[in-house]
Structures are given as C-alpha cells and as structure tokens.
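These are my notebook entries on a single protein chain.

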Amino acid sequence: MRKLMMKMSMSIDGFVAGPNGEKDWIFKTGDEQSKAWSVAVTREAGLIIMGRKTFEVIAPYWPTSTDAFAAPMNEIPKALFTRKGFKGIDAGPVPTPAAVSWINAQIISGDLAGEIGALKAEAGKPILAIGGAGFMRSLIGEGLVDEFHLIIHPVVLGSGEPVFDGLTMPAYLKLSDTKIFPGGTVVHSYSI
C-alpha cells in the first residue's frame, strides 16, 4: 500500500494564498536549497494528484518550462479530481511528450475517499498531493493524508486562504523531520 503525501507552502500565519489568491510570496521567499528539496520530494512520487482548478492553471505552463520542477512535473503520471467535469487542455497541433503527459492525466470524479483508497492500494511509489486549499482541505477532512510536508515561508500575510480550517476533530501529527534553509524557509514534515 502506498502513502499519500501532501506538500504545501504556507505563510507563518498559516495561509496558503493571500486574500485574492496571491502566491507570489512563495517565489519571493524561497532559495535554491529549499527549491532543490522540494524538487527531490516531488521526484519521490509515483503519481501527482491535484484538483481541477490547479490542473487547469499549471498544465499549460509545465510542458514548456525550463524550471527545475519541469522534469518531474512532466514525467510523473498525474490525476486530477473534479466534481464539475473537465474539458481537457489544448496542447497544440503536435503535442510534445511533456504535453502528452498532461493530456493523459487520469480524470477522477467519484467518491474522494474511495478513489484515494483505490490509488493507495495500487503498487508503486507514493502519491503526492499538490495544489489548492480546497482540494487539500477535502483530503485532510477525510483523513486521507499520511504524510504532511509543510513549507513555512518567512512571510506574514495577515489574511488569506487557510488549509486547516473546518476540521471537525483535531488531527494529531508526529514530527518526522525539520529542515531549515538559508532564505528562512522551514519545512516541517509530519506523519499520522
């Protein structure tokens, strides 16, 4: 059985996006070492999952990107979860191999807990959840996350979108690792 890992950037005051969805602070406060760590964690995954909104935003970007994240993002199979359907993405007349990896993403619209349970039961490397707060809140609320990688950036937003609100019961976590990077970013890794 494979585990589900969540990787999420957060401000010191617990927001994953600003009040208008801003995420530029993530790129202003990271450094090369924290980015290398994040790429390495991404490379551990056998499947990357995300919600539809995140998929629609990032799918056009990664196939042409030269960023260090481009290779794992384009090479690792992906699945998108949606309750509202999915129109697909435009990869142009002759899709590149990187674009094909996004076109071939598995589209999942069934019961979240059941679908995640089926993915976890498959053989392979861990599942990595990325993306928006709504999708992450659903995973957390259903108790589906086995490992949390919280990337705390040295910024206070004051308001914004939290990821841990709305829980009906406390979630007790075990600290498994802490990493401190030169730019002030700190990663706290927890297991259930």
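I began with a term: a nonpolar core is a set of buried Ala, Val, Leu, Ile, Met, Phe, Trp, Tyr and Cys residues joined through side-chain atoms within 4.5 Å. I note that the model is a predicted one.

**Entry 1: the cores.** I looked up the largest nonpolar core, which has 26 residues; Leu4, Met6, Ile49, Phe81, Ile116, Leu119 and Leu139 touch the most other members. I found that S1, S3, S4, H6, S6, H7 and strand S7 (147–153) each give two or more residues to this core. Its largest share, five residues, comes from H7. I also recorded a second, separate core of 23 residues, which includes Met50, Phe69, Leu80 and Ile151. As a general remark, nonpolar side chains in soluble globular proteins tend to be buried together.

**Entry 2: Met6.** I listed the contacts of Met6 beyond its neighbours within four places in sequence, among them Ala129, Met136, Phe148 and Phe164.

**Entry 3: strand S3.** Is S3 enclosed or open to the outside? I found that five of its five residues are buried, so S3 is largely enclosed by the rest of the structure. Leu47, Ile49 and Gly51 point one way from S3, whereas Ile48 and Met50 point the other way. I then checked the partners of S3. It pairs with S6 in the parallel sense over three bridges, and Ile49 stands opposite Ala129 in S6. S3 also pairs with S4 in the parallel sense, over four bridges; there Gly51 has Phe81 as its bridge partner.

**Entry 4: the sheet.** I wrote down the order of the open sheet of eight strands as S5-S4-S3-S6-S1-S7-S10-S9, with mixed pairing. S5 and strand S9 (174–180) stand at the edges with a single partner strand each, so one side of each lacks a neighbour in the sheet. The twist averages 20° from one strand to the next. S9 and strand S10 (residues 186–191) run antiparallel and are joined by six bridges; Lys174 has Ser191 in S10 as its bridge partner.

**Entry 5: helices on the sheet.** I saw that helix H2 (residues 32–43) packs on the sheet, and that its direction makes about 160° with that of S1. H7 packs on the sheet as well, with a direction at about 130° to that of S1.

**Entry 6: helix H6.** Which residues of H6 (residues 112–121) are buried? I found Leu112, Ile116, Leu119 and Lys120 to be buried. They lie on the same side of H6, because they cover an arc of only 100° around the axis. The buried residues of H6 pack against several elements, including strand S5 (106–108) and helix H7 (133–141).

Terms used:
Residues numbered from 1 in each chain as written. Predicted model: local features only at pLDDT ≥ 70, side-chain atom pairs only at ≥ 80, totals over all residues. Heavy atoms only, no water. Buried < 20%, exposed > 50% of the residue type's maximum accessible area, 1.4 Å probe, protein only. Arc of directions from axis to C-beta. Contact = heavy atoms within 4.5 Å. Pairing = 2+ DSSP bridges. Axes fitted to C-alpha atoms, helices over the stretch in contact; angles between N-to-C directions.
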